[in-house]
Amino acid sequence: MSTDWKTRTKLVHEGVRRSQFNEMSEAIFLTQGFVYDSAEQAEARFINSDPNEFIYARYGNPTTRTFEERVAALEGTEDAFACASGMAAVNGVLTSLLKAGDHIVAARALFGSCIYLMSDVLGRYGVKVTYVDGTDLNAWREAVTEETKLVFFESVSNPTLEVIDIRAVAEIAHAKGALVVVDNVFATPVFSDAVAQGADIVVYSTTKHIDGQGRALGGIICSTSEIIRGKIEPYMKHAGAAMSPHTAWLMIGGLVTLDLRCRAMADSALAIARALENHPNVERLIYPGLESHAQHALSMEQMNGSGGTLIAIDVKGGKDAAFKVLNALTIAKISNNLGDAKSIATHPATTTHQRLPEDQKALLGITPGLLRISIGLEDKDDLIADFKAALDAL
Ligand SMILES: *Cc1c(COP(=O)(O)O)cnc(C)c1O
């Protein structure tokens with residue numbers, strides 16, 4: 001709508017398409033198909049695939065389109081394509097852009113399912129993958145060659161919260177003609193300007209902060225019209241991982257409060273990180289918003305002064321101590337989602353990253369005592385008291 005609008009205004013109004021009833025709230029179009037006025041109109045729709053004229057919900061739906069337009073406005077991209085989950089988004093990007101013989105370079109600290117897709121699935125189709133330490137720019141320089149089709153990384157990595165320099169990696173990739181794909185979940189669309197910093201394609205699992213209440217799976221791919229309509233849509237509309245209109249409607253509701261929620265969660269995360277950093281039973285606390293973080297300055301610059309909504313704590317005493325802390329928490333829940341209104345604590349070594357061999361875990365800093373904590377919307381003083389009590393009890 002208006003490109004001059006600031007984020008919060010866009011998050012409330014962008015993409016609205018009212019029906020003949022002029023309803024105030026975004027309608028949910030629970031319809032798989034659309035009726036054409038004439039045979040000629042049906043023919044024309046199939047010829048001109050216009051994202052604002054609908055044919056079939058696997059291709060697009062008015063509720064899903066509202067969600068896509070609102071996220072594209074937030075992200076500052078020309079277009080976006082919504083899909084059934086974050087992994088459908090990652091898979092869609094990789095499958096629609098790559099072919100046998102292509103080479104990609106990825107940061108080694110990745111969401112487990114992304115590693116599976118790249119190493120196991122793409123490998124079967126003849127795509128070669130090189131993994132690098134995402135924080136080591138020389139490693140990127142060595143790995144990216146003229147053959148490299150794309151680079152892929154999480155701007156803030158899971159679960160050890162390494163911050164990757166989007167601008168610097170994009171410069172290296174673009175010099176060799178490679179596309180830059182950023183999985184921006186941990187940074188959130190509120191704090192990150194990945195596109196302005198050089199990302200060509202940004203993917204989100206909307207399951208996380210965008211829904212924000214742990215209700216539904218979703219994903220979205222943001223990029224130029226050329227990439228979204230020319231490469232992504234032709235694959236996605238046939239491959240079938242469409243976002244359902246009901247999910248899109250939930251996600252639109254999430255967007256309305258996204259900015260407020262992420263800022264409140266990040267403010268709490270900073271206060272909690274400060275309160276726990278020097279606790280005698282904390283070996284190491286990782287939070288990009290603290291000066292002790294290895295890439296604090298980069299994080300502040302790249303994430304608009306925020307450290308984000310997640311904290312990692314290496315508890316003294318290894319797995320036993322980490323389990324005791326988890327079991328003693330009364331407010332934060334033991335689970336593996338993130339970006340939820342409810343604070344969530346995860347033990348990556350035995351859950352999300354269990355399948356990794358021990359040497360890989362060590363390489364990625366996934367120690368036996370490591371806990372990943374997603375800060376929610378509860379009162380920060382209640383959370384500090386909860387974590388302190390659990391750590392004190394060791
Ligand atoms: C959750 C997550 C995904 C996968 O998203 P789903 O919605 O669970 O499919 C991908 N990347 C990151 C960084 C995630 O946190």
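Good morning. Thirteen, written 13, is the number of residues that surround the ligand, and the closest are Gly86, Asp183, Ser205, Thr207 and Lys208. Please bear in mind that this is a predicted model.

Which atom of Gly86 is involved? A polar backbone atom of Gly86 is 2.8 Å from an oxygen atom of the ligand. Met87 also takes part through its backbone, with an N or O atom lying 2.8 Å from a ligand oxygen atom. For Ser205, by contrast, a polar side-chain atom is involved, and the separation from an oxygen atom of the ligand is 2.7 Å.

I now move to a loop. Between strand S4, residues 148-154, and helix H7, residues 166-175, lies the loop that holds Pro159. The peptide bond joining Asn158 and Pro159 is cis, with omega of about 0°. The loop between S4 and H7 also contains Leu161. Leu161 is not a glycine, yet its phi is positive, at about 55°.

Finally, the helix packing. Helix H10, residues 245-276, packs with helix H14, residues 380-392, at an angle of about 30°, and their axes are 10 Å apart. Angles under 35 degrees count as roughly parallel, and H10 and H14 are therefore roughly parallel to each other. Their crossing is right-handed.

Which residues of H10 and H14 meet? From H10 come Ser268, Ala271, Ile272, Ala275 and Leu276, and from H14 come Lys380, Leu383, Ile384, Phe387, Lys388 and Leu391. Sorted by class, this contact of H10 with H14 comprises eight nonpolar residues, one polar residue and two charged residues.

Thank you for your attention.

Note on methods: Residues are numbered from 1 along each chain as its sequence is written. This is a predicted model: local features need pLDDT of at least 70, side-chain atom pairs count only at pLDDT 80 or more; totals for chains, interfaces and linings use all residues. Side-chain values use heavy atoms; hydrogens and water are left out. Axes are lines fitted to C-alpha atoms, for helices over the stretch in contact, and angles run from 0 to 180 degrees between N-to-C directions. Helices (H or I, at least four residues) and strands (E, at least two) are DSSP runs, numbered from the N terminus. Angles under 35 degrees count as roughly parallel, over 145 as roughly antiparallel, 65 to 115 as roughly perpendicular and the rest as oblique. A crossing is left-handed if the near helix is turned anticlockwise from the far one by less than a right angle, and right-handed if clockwise. Contact means heavy atoms within 4.5 Å. Ala, Val, Leu, Ile, Met, Phe, Trp, Tyr, Cys and Pro count as nonpolar, Asp, Glu, Lys and Arg as charged, and the others, Gly among them, as polar. A residue is near a molecule or strand if one of its heavy atoms lies within 4 Å of it. A polar contact is a pair of N or O atoms within 3.5 Å; within protein, one must be able to donate a hydrogen and the other to accept it, and residues adjacent in sequence count only if both atoms are side-chain atoms.
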